[in-house]
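Biologist: Hi! Could you help me look over the pockets in this one?
Modeller: Happy to, let's bring it up.

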Amino acid sequence: MMRAVEDALQSMSARTGSLDALARLLSQATQQRAVAVGGYVNEVSRSAIGVRGISNKAQLGDMVMIRCDDRLQPAEVVRLEQTRVLVKPFDDRVMPPLGTPVFPEGPFRIAPSPQWKGRVIDALGQPLDDKGLLPAGAQAIAVDCPAPLAMNRSRVEKGLRCGVNVVDVFVPICFGQRMGIFAGSGVGKSTLLAMMTKAADFDTVVLALTGERGREVRDMLEDTMAGKLEKTIAVIATGDESPMMRRLAPNTATAIAEYFRDRGDNVLLIVDSITRFAHAAREIAIAAGEPPVSRGYPPSVFSQLPRLLERAGPGRVGEGTITGIYAVLVDGDDHNDPVSDAIRGTLDGHIVLDRGIAAQGRFPAVDILGSISRLAQHNWTPEQAKLATSLRGLVSRFEETRDLRMIGAYQAGSDPLIDQAVNLVPRIYGAMQQTPTSPPSLDPYSDLAMALRPKEAS
Ligand SMILES: Nc1ncnc2c1ncn2[C@@H]1O[C@H](COP(=O)(O)OP(=O)(O)OP(=O)(O)O)[C@@H](O)[C@H]1O
Ligand SMILES: [Mg+2]
């Protein structure tokens, strides 16, 4: 008996020895591969890392792996020269010693699957929740891919209800439309976006939180969106993460949305905020040596914005759609800053939130007169269009005469239209108010009719 145990122990130690030898061989092979197909670090700074030996094996935007202390750290090629390549790691803390091996890996790809619904991931597609490994789908897709050709896309013509009354009545949205929510900080962009994720019309919701506060992530997922997470995939890169992660998160989210669109789903893609994406792209472009041209933004930022935004929209005929809603943080409440301007020009409409309205406690703080949906006519019936236009007219009268009425310069009865506005507009505003905890409205027009019903009948 003793003999058998000794034999078994001996054979186990022989096997462990051969496993060790195999591991040594593998490690040697990996190092040889670095010499054979990779390059090495020859310059390190806080903004980027210089690599020699891969100039003819990598392309701009490709992923490379830097081998640091037996771990492979991903980085992206941000500048390509004849003898060296500048790469920027996705983890800012990576500072490899000179001579560290670097392997080119080609474009960055992810393999989404329907089982990703209900999960929270980072920009590189790694799980951030405690639900275990993320199952890989059948096909790996490049995260940075072009939008479908304009002539191959189906047309945007089917309206939807997002459950937020003021949007559904005054700036209604269609499947495949791209809208921006423009506001300064703290006016209610994130809250409005979270309320829109509750819309029942969508099969899948992809949420990219980029550059926002870490605290808000759990608040948004666990409070505002509670109970709606089973059809949501959240891609998170908080403000403290590297600019590479912050720039990648909306691209990863868009690639996931494209995957579900190609399967025929109507996808809601939400990005909070696209301005932080532009800030991250600015930081990276400056690190790559581009000159800043407009308020510190290098030119490539203004080409990256439409490239990302154009990927949302309708798919090819027979495919699903991506309805894109993008929060735009208006720097210093200046609606004409170059990034807001570039985004406004690309999107199919904008919802403007106003600090004055928020200060009155009227939420969502939508400036009805300053907001437009360029595809509203596909959503409204002719009667609804007529109603929305006349209500807009009343709101305009009410706001124009606000100061006059405040100082008592207007006598009731002088203008029947103004009298009607004074009577109805506060009630319209009342019907448009919603908080994140109020249930999504099923029929905004019946809510409105209730509010506008003559007082004695109610
Ligand atoms: N619909 C709403 N109902 C009630 N309160 C709201 C509503 N929308 C916004 N608020 C209030 O406004 C505050 C700021 O909202 P939110 O965080 O959504 O703004 P933001 O524009 O996303 O800000 P930031 O630019 O800093 O991210 C909230 O904490 C909340 O108190
Ligand atoms: Mg916010």
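Biologist: How do the residues lining the second largest pocket divide into nonpolar, polar and charged?
Modeller: Keep in mind that this is a predicted model. The lining of the second largest pocket has five nonpolar, seven polar and eight charged residues.

Biologist: Thanks! What volume does the second largest pocket have?
Modeller: Its volume is about 360 Å³. There are 20 lining residues, and those closest to the centre are Ser190, Thr191, Glu212, Arg213 and Glu216.

Biologist: Which element gives the most to that lining?
Modeller: That would be α4, with five residues. Both α3 and α4 (214–224) supply at least two residues each.

Biologist: Okay, new topic. What is the volume of the largest pocket?
Modeller: The largest pocket comes out at about 690 Å³. It is lined by 30 residues, with Gly61, Glu76, Asp144, Arg247 and Arg307 nearest its centre.

Biologist: Which elements give two or more residues to that lining?
Modeller: They are β4 (71–80), α5 (243–262), α6 (274–287) and α7 (299–309). The largest share, five residues, is from α7.

Biologist: And how many nonpolar, polar and charged residues are in the lining of the largest pocket?
Modeller: The lining of the largest pocket has 17 nonpolar residues, five polar and eight charged.

Terms used
Residues numbered from 1 in each chain as written. Chains lettered and ligands numbered in written order. Predicted model: local features only at pLDDT ≥ 70, side-chain atom pairs only at ≥ 80, totals over all residues. Heavy atoms only, no water. 1 Å grid on protein atoms, 1.4 Å probe; cavity = no way out; pocket = protein on both sides within 12 Å on 5 of 7 lines; lining within 4 Å. Points joined across faces, edges and corners; volume = space filled by probe spheres on them. Helix = DSSP H or I, 4+ residues; strand = E, 2+ residues; numbered from the N terminus. Nonpolar A, V, L, I, M, F, W, Y, C, P; charged D, E, K, R; others polar.
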